[in-house]
Amino acid sequence: MSMNIRRLKTSLLLAACLLGTTPAFSETVINVGAFGADANKLDPHLSGGGQDRALFGYMFNGLTRFAPGSMNPDDIENDLAESITGSDDGLVWTVVLRKGVQFHHGYGELTAEDVVFSLDKARSPDTSAFANTFGVISSVEALDTHTVRITLSERTPTFIGLLANPAGGLVISKQAATELAGDEKAALIGTGPFQFDSYTPKSQTVLVAHADYFRGTPKVDRINYRYVESDNARELAFAAGEIDLFYGKREQDWVDRMRKQYANDIAIDIFAPSQSRMLHLNQSVKPLDDIRVRQAIEHAINRDEFQMLIGQDITRQLRAPVPSGFLGQNIDVPVYDFDQDKSRTLLAEAGYPDGLTLKVPTSKIGSLKLPFELIMEQLRRVGITLEVDFIDHRAWHALIRNNESPLVIYGAAPFPEADAFLTPFFHSASIVGTATAQTNFSHCNVADAAIDKARSAADSTEQLEAWAAAQVSIMEAACVVPIFELQQVWGRRQSLDLGYELTGTLNLGPPITENTTITR
């Protein structure tokens, strides 16, 4: 090596040290283009926003997990738990933790107290958006440094899966949450392969490798998780080499064009869960308190048009309030066939022979905006005019949770069994605006008994029968219009090797793990 080259490298290293940065040539970085203008809430127990789920997956572990790239319940494995055993009645569970698991930023070894703190946080309405789901836990106790006892108030379908749920099941550091109370990092100290570095509002969250990760030091040094609201902006950023992995446009034309236009550089990943698209009909507001108006909306929806518009390869029609592939889905429910004449007749019978107008705020995120524009057109054809205000996704979430919209189009991808949909969306305890609110935007209250019966069923046959009855009641009351299911679509640079086969993930975005690599 010549003296000049040595001096140049020395100068670059010195400059990097003075600037407090690492030289670009020595750092492996993945730039992610997430949807949304900003984070929702940087707390894994408070945010159900899709823009946060993938990020949390890089940072945290649960007691159990789905194997990377899968959401098949058969692939659930121990994560922070070394072993989990349950009592014969299914009410008491003993968890033995892995030893030596380290929290980020020097916050020490994972102990039973951290698990107690995290599950208590997840089950409290004051500190969790998922309290209804985790409220089945009646107590969590530390038996010793690495042993936890969890007691349930009732038998719970797939309890092991509940612990793998990224919506509420992630473990944070008790010490960090206590010492940093009020700081943005308070709930962000986990045990995952990447740790929090910085957050810039409406710009990005930066993570760096957790060198002491118990599965091994990640091969990637840094993740820049960028908030890019516009579909076009994400695509342009990919074309310019500024992002490597990004939330795609869930439309067939876009998928086909991207594969053709960037053939040598892009891989399009289409994977589960097939996120439902359902239109929730808020019967707490007029005129939707009249079932005939709700039935008119049901009959106005033409599912064939949605599939033609969005894409045959990435959508499936949906007619039940529980998605396809979920344990307990019942397809033998009342069906409201597409019938515009029937819709107009029902409106006239309800006192609206000349139609009606509804003011509706909805999200301007493309995957919600496009189908809602078709809903607007289909309802217009039968005399229902929607005056729509397309607003920021985060602001929209706040409005619908404050019961400020008569119609809510919503997508969800929870644990793949019926209760994960029925309880948060259709149990009266989950009605928005209540102390135990989740996502019951329709104020549906007709299926409580069946949902509760399924949750405490003594055997699987009784449970399946109760779930089926709940779905029949929900559709008889026209609480919701199930329309279609939409798979996840992400673009990825071909030089980015995820390190596993991707078929599905409840984090909604491809996991970046300790085995993920990228070449430049």
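Author: Start with helix α12 (residues 366-380), which holds both lysine 369 and glutamate 373, 4 residues apart, or about one turn of the helix. The model is predicted. The side chains of lysine 369 and glutamate 373 meet in a salt bridge, at 2.6 Å from N to O. Lysine 369 counts as partly exposed because its relative accessibility is 26%. Glutamate 373 is also partly exposed, with a relative accessible area of 33%. Elsewhere, salt bridges that share partners join Asp244, Asp265, Arg493 and Arg520 into one network. The count of salt bridges comes to 26.

Another of these pairs links distant parts of the chain: aspartate 197 lies in strand β8 (residues 194-200) and arginine 222 in strand β10 (residues 222-227), 25 residues apart. In the salt bridge between aspartate 197 and arginine 222, the closest N and O atoms are 3.9 Å apart. Aspartate 197 is partly exposed at 38% relative accessibility, and arginine 222 is partly exposed at 23%.

A further salt bridge joins the side chains of aspartate 290 and arginine 292, at 2.9 Å from N to O. Aspartate 290 counts as buried, at 18% relative accessibility, whereas arginine 292 is partly exposed at 31%.

Leucine 346 lies in helix α11 and is buried, at 6% relative accessibility. Helix α9 (residues 291-300) packs against helix α11 (residues 340-349) at about 165 degrees, with the axes 8 Å apart. That angle makes α9 roughly antiparallel to α11.

Technical notes
Residues numbered from 1 in each chain as written. Predicted model: local features only at pLDDT ≥ 70, side-chain atom pairs only at ≥ 80, totals over all residues. Heavy atoms only, no water. Axes fitted to C-alpha atoms, helices over the stretch in contact; angles between N-to-C directions. Helix = DSSP H or I, 4+ residues; strand = E, 2+ residues; numbered from the N terminus. Parallel < 35°, antiparallel > 145°, perpendicular 65-115°, else oblique. Buried < 20%, exposed > 50% of the residue type's maximum accessible area, 1.4 Å probe, protein only. Salt bridge = Lys/Arg side-chain N within 4 Å of Asp/Glu carboxyl O.
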